[in-house]
Amino acid sequence: MSSFFKKFGKGVLYLFVLPFMLLILSIWAVVGIGIFFFLGIKWFALFFTGRSLFDDLPEDIKAKEIIKTTNNFDNPFASASPIAQPSINYDNSQYQQDNQTAENTYDQNNDVGGDENV
Amino acid sequence: MYNLISLSESDKRFIFALALVILLLFVIVWYIGFIITRVMKSQGKKLDDAVHDVVVTRVITDPKSFKKYARKKNWRMFFKQAAVPLLICLIASLTLVIGNSIMKDFSYNPFSSVDKGFASLLFLWDFDNPDYYTTVFGMKVLSSWPPLTNTPHFVVNAIPSYIFVPGILVGGVWYLIVCQAFIARRLRIRALSKSIFEKSLDNYNQSQAFNYFNNNQQ
């Protein structure tokens, strides 16, 4: 019930504010027509010089350059080039040989037999 | 004194019904306002797409240049969006002017139901007739439904009006929605210019921050 009365109160508020909102809207509508024609003339003039009204602004060009050079532009602290990772192309025979050498070294150092090691 | 405020049973019912209607009316107004607010928020959000890159890449680092840049973008978006509705209005107006020039008649009302008006296509009732009204508490209330004064009929000479009136209505309403979106984006610019570059000291304790730096240096 209280939410219903809250809605009622807001409805009263909206009703009082509505004329002002409409006034602001109508002012912007009139200003908008003026600006529209101004931008229309500008667009027309730029069209004949081979440019467009919708060309990138200097800020857009800068931002695009940064995005191009940066991989992860959402994180400004991310490095431009990826960090070198160790290679995963590991030779299996080399791995077995290394493992065997390590086992032999361990056995020699600890003086243990093959079966006792289990 | 007591007799002055005594009301009949029908008066009480009428007041109760009136109060209920007013209450519901305000709730409906709230609902319309709520929908408008929601629509304006979603319209304002569309600005984010236009200004996202320059903010994230830190090309713009202060509220003043952000406002300047975002307003430029906003006017461009407005120009793009307003082009179609204003073109519709322009074509509709030109149709009427050309039609009237051919018929050599600029005197009629294109909205009226007589002769060459658009309302010849509508059902119309005689709401102007005072015989169909009654007075309750000093207010004029409709007592019975008035008779039909116009049934839809096609008039060849009214063709310019048939194009002009829907064109101007559709174009006008569309243009007003575009203006509303423009205002919504403007409000968004103001809000973003404050929030993006905000330096807040909420939950900040200098002594803790000092200790943290000292510990890390050791």
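Start with Tyr31(B): this residue is partly exposed, with a relative accessible area of 47% (buried means under 20% relative accessible area, exposed over 50%, partly exposed in between, using a 1.4 Å probe and protein chains only). This is a predicted model, where local features need pLDDT of at least 70, side-chain atom pairs count only at pLDDT 80 or more, and totals for chains, interfaces and linings use all residues. Residues are numbered from 1 along each chain as its sequence is written, chains are lettered from A and ligands numbered from 1 in the order written, and side-chain values use heavy atoms, leaving out hydrogens and water.

**The whole picture**
- Searching the whole structure turns up 22 aromatic pairs over all chains (rings of Phe, Tyr and Trp, the last by its six-membered ring, pair if their centres lie within 6.5 Å; planes under 30 degrees apart count as stacked, over 60 as edge-to-face and the rest as tilted).

**A pair across chains**
- Phe54(A) and Phe79(B) have ring centres 6.1 Å apart and planes at 35 degrees, so the pair is tilted.
- Phe54(A) is partly exposed at 30% relative accessible area, while Phe79(B) is buried at 8%.

**A pair within chain B**
- Tyr31(B) also pairs with Phe34(B), and that pair is tilted: 6.3 Å centre to centre, with 35 degrees between the planes.
- Phe34(B) is partly exposed too, with 32% relative accessibility.

**A cluster**
- One aromatic cluster is made up of Trp28(A), Trp75(B), Phe78(B), Tyr175(B) and Phe182(B).
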